[in-house]
Number of protein chains: 2
Amino acid sequence: MITSTSNPKVKRLVNLRKKRKARDEEQVFLAEGLRMCREAPARLLREVYISEDFLRRERKAVDELLRGKEVRAEVLSEHVFAYAADTKTPQGILCVVSRRKPSEADKIRELCGGEAGKSPLILVLDNLQDPGNVGTIVRTAEAAGATGILMSGDCVDIYNPKTVRSTMGSIYRMPFRYADDLPYAVQRLKDMGVRIYAAHLEGRGDYDAENYTGGTAFLIGNEGNGLREEVAALADCRVRIPMEGQVESLNAAVAAAALMFEAGRQRRAAKRRCMSGASIVK
Amino acid sequence: MITSTSNPKVKRLVNLRKKRKARDEEQVFLAEGLRMCREAPARLLREVYISEDFLRRERKAVDELLRGKEVRAEVLSEHVFAYAADTKTPQGILCVVSRRKPSEADKIRELCGGEAGKSPLILVLDNLQDPGNVGTIVRTAEAAGATGILMSGDCVDIYNPKTVRSTMGSIYRMPFRYADDLPYAVQRLKDMGVRIYAAHLEGRGDYDAENYTGGTAFLIGNEGNGLREEVAALADCRVRIPMEGQVESLNAAVAAAALMFEAGRQRRAAKRRCMSGASIVK
């Protein structure tokens with residue numbers, strides 16, 4: 001058991017927690033909590049750390065988690081675990097996870113849903129800075145049936161521990177990509193027939209008056225400043241989410257949710273129409 | 001200028017920040033940042049505190065804020081301000097605000113939109129614990145045209161500084177009420193003709209297959225555990241937000257947003273139909 005915060009393994013964990021550079025260099029991220037450790041794909045789960053007390057309370061869960069995997073769990077004293085963890089009241093288990101590596105060749109295709117035959121539904125995040133917001137967006141995107149997330153290079157690190165936690169596991173499954181040259185990447189989406197909508201306070205039409213059943217991407221801007229003009233300029237269409245009262249803007253995750261669920265609603269309705277049409281033909 | 005953290009005024013501020021009881025006793029809350037101070041209704045703004053540096057940088061904004069009001073600004077040294085503030089990197093201005101006091105007689109009527117002649121659109125929050133989530137819900141509710149928010153007595157304190165901040169000012173405008181006896185309060189809504197929908201993982205129908213143009217209330221459950229069964233049992237109808245992928249649940253603020261924006265969408269569409277119908281009659 002590790003009982004000192006100056007142990008090199010502990011120092012490395014703290015480094016991975018705090019520094020994007022350290023995470024990037026090792027191509028890993030930290031995930032805290034039993035659920036996040038359980039959901040990590042076995043081929044990506046690299047190390048597991050548990051607190052003394054967690055081992056005592058949850059030995060069965062730990063055994064189950066490690067069964068059939070090559071990973072062993074390292075035990076830390078309560079004090080040391082709290083030092084390494086990102087949460088204020090840690091559950092007592094965290095893991096180091098390797099990043100998913102989509103083939104470099106076709107990252108854009110992956111964002112569009114690959115070979116699944118689904119219409120692309122993509123979120124493009126421009127300079128988002130709130131780690132919790134980005135995590136919630138990843139989680140919501142998976143739920144709403146999005147095929148991928150494209151982020152400007154200056155978005156918050158998706159491997160930030162708070163972001164990882166807020167995804168509730170969707171980080172293991174949702175295709176995403178950082179683009180240093182966002183306009184270029186968005187142009188690639190257009191080349192693939194994806195229509196680009198900017199969520200914009202100055203959008204002329206209501207968001208729910210557009211048709212999102214074809215290939216669709218939504219541009220979402222920074223929490224405080226909205227979309228940068230050079231990014232908004234890439235849109236085929238600017239849409240507005242109508243707001244009542246004296247609200248000036250929506251939380252970025254809420255705006256993304258409104259757009260994605262509207263796309264999901266339209267696609268389900270189109271499918272129903274298509275199916276009932278087919279039965280009439282028969 | 002106050003330069004010591006042991007000054008009684010500073011101690012009181014810290015107490016108001018940390019303790020729900022202290023806030024409840026004085027019937028006030030703290031709001032941080034220039035925007036939140038500006039948006040506070042003049043009749044409710046009780047005290048303003050600024051840091052030395054903020055005064056130097058923003059004297060014009062401070063003068064403008066205080067113009068025509070009876071409140072004076074108290075200046076704190078940087079160190080003391082940081083000690084009193086809730087944020088890690090404070091802007092340098094905070095205020096103490098009195099709570100809005102709806103007439104005790106008709107709080108439920110206020111939640112239903114009062115005399116505005118609008119169909120009630122109410123969120124009922126059951127045991128929500130995340131301060132940021134509740135603040136985002138209040139902000140989203142105003143934007144989506146909700147008429148009021150009803151909370152179980154064990155929800156997080158809406159006057160928690162983080163919640164106040166997340167509302168981005170909507171706390172000054174959105175009618176809300178805590179109900180120690182939530183079932184009783186929901187029954188009162190039903191008596192007024194409001195139809196009650198529970199957002200529930202086991203809902204049978206999709207949420208977008210229901211009609212929300214009449215008086216509507218959505219029950220939203222705790223972040224981890226969902227709705228308590230005795231609360232869900234009050235619903236006329238359980239609806240499900242369809243989720244793709246392996247997502248087990250949505251963030252509470254995202255679920256609330258999906259439901260409220262769907263209600264808003266239907267209401268706008270109904271209004272358009274109504275208006276075009278009227279022009280045909282002409």
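Thr136(A) touches Ser166(A) and Ala253(A) from its own chain, and Asn251(B) and Val254(B) from the other, leaving aside residues up to four places away in sequence. Keep in mind that this is a predicted model. Thr136(A) is found in helix α8 of chain A, which covers residues 131-143. Is Thr136(A) buried or exposed? With a relative accessibility of 10%, Thr136(A) counts as buried, because the cut-off for buried is under 20%.

Leu250(B) sits in the loop between β11 and α12 (252-281) of chain B. Its relative accessible area is 12%, so Leu250(B) is buried as well. Not counting residues up to four places away in sequence, Leu250(B) touches Arg139(A), Ala143(A) and Phe261(A) in chain A, plus Ile241(B), Met243(B) and Ala255(B) in chain B.

**Chain A as a whole**

Chain A has 12 helices and 11 strands. Its C-alpha atoms fill a box of roughly 65 × 50 × 40 Å, taken along the principal axes. Of the 282 residues in chain A, 54% are buried. Take the contacts in chain A between residues at least 6 apart in sequence: 79% of them join residues at least 24 apart. Chain A exposes about 13000 Å², and carbon and sulfur atoms supply 48% of that. As for charge, chain A carries 46 positive and 38 negative side chains, and the centres of the two sets lie 5 Å apart.

**Two strands of chain A**

Start with β4(A), residues 93-98. Six of the six residues in this strand are buried, so β4(A) is largely enclosed by the rest of the structure. Ile93(A), Cys95(A) and Val97(A) point one way from β4(A), Leu94(A), Val96(A) and Ser98(A) point the other way, and all are buried. Strand β4(A) runs antiparallel to β1(A) and also pairs in the antiparallel sense with β2(A).

Now β11(A), residues 237-240. Cys237(A) and Val239(A) make up its covered face, while Arg238(A) and Arg240(A) make up the uncovered one. This strand pairs in the parallel sense with β8(A) and runs parallel to β9(A). Val239(A), from the covered face, stands opposite Ala199(A) and also opposite Gly205(A).

Here are the strand pairs of chain A mentioned above:

| Strand | Partner | Sense | Bridges |
|---|---|---|---|
| β1(A), residues 28-32 | β4(A) | antiparallel | five |
| β2(A), residues 45-51 | β4(A) | antiparallel | five |
| β8(A), residues 195-199 | β11(A) | parallel | three |
| β9(A), residues 205-206 | β11(A) | parallel | two |

To find the β4(A) pairs on screen, look for Glu32(A), which stands opposite Leu94(A), and Ile50(A), which stands opposite Ile93(A).

**The sheets of chain B**

In what order do the strands of the four-stranded open sheet of chain B run? The order is β1-β4-β2-β3, with mixed pairing. Strands β1 (28-32) and β3 (73-76) of chain B are at the edges, each pairing on one side only. From one strand to the next, the twist averages 20 degrees. Helix α1 of chain B, residues 8-18, packs on this sheet and touches β1, β2, β3 and β4 of chain B, its direction making about 95 degrees with that of β1(B). Within the sheet, β2(B) (residues 45-51) and β4(B) (residues 93-98) run antiparallel and are joined by five bridges. Tyr49(B) stands opposite Leu94(B) in that pair.

Chain B also has an open sheet of seven strands, in the order β7-β6-β5-β10-β8-β11-β9, and here the pairing is parallel. The edge strands are β7 (176-179) and β9 (205-206) of chain B, each pairing on one side only. Inside the sheet, β8(B) (residues 195-199) and β11(B) (residues 237-240) pair over three bridges in the parallel sense. Ala198(B) has Arg238(B) as its bridge partner in β11(B). Helix α10 of chain B, residues 182-191, lies across β5 (121-125), β6 (148-152), β7, β8 and β10 (216-220) of chain B, and runs at about 150 degrees to β6(B).

Technical notes:
Residues numbered from 1 in each chain as written. Chains lettered and ligands numbered in written order. Predicted model: local features only at pLDDT ≥ 70, side-chain atom pairs only at ≥ 80, totals over all residues. Heavy atoms only, no water. Pairing = 2+ DSSP bridges. Contact = heavy atoms within 4.5 Å. Axes fitted to C-alpha atoms, helices over the stretch in contact; angles between N-to-C directions. Buried < 20%, exposed > 50% of the residue type's maximum accessible area, 1.4 Å probe, protein only. Areas by Shrake-Rupley, 256 points an atom, 1.4 Å probe, with all protein chains shown as cover. Lys, Arg positive; Asp, Glu negative; His and termini not counted. Charge placed at Lys NZ, Arg CZ, Asp CG, Glu CD.
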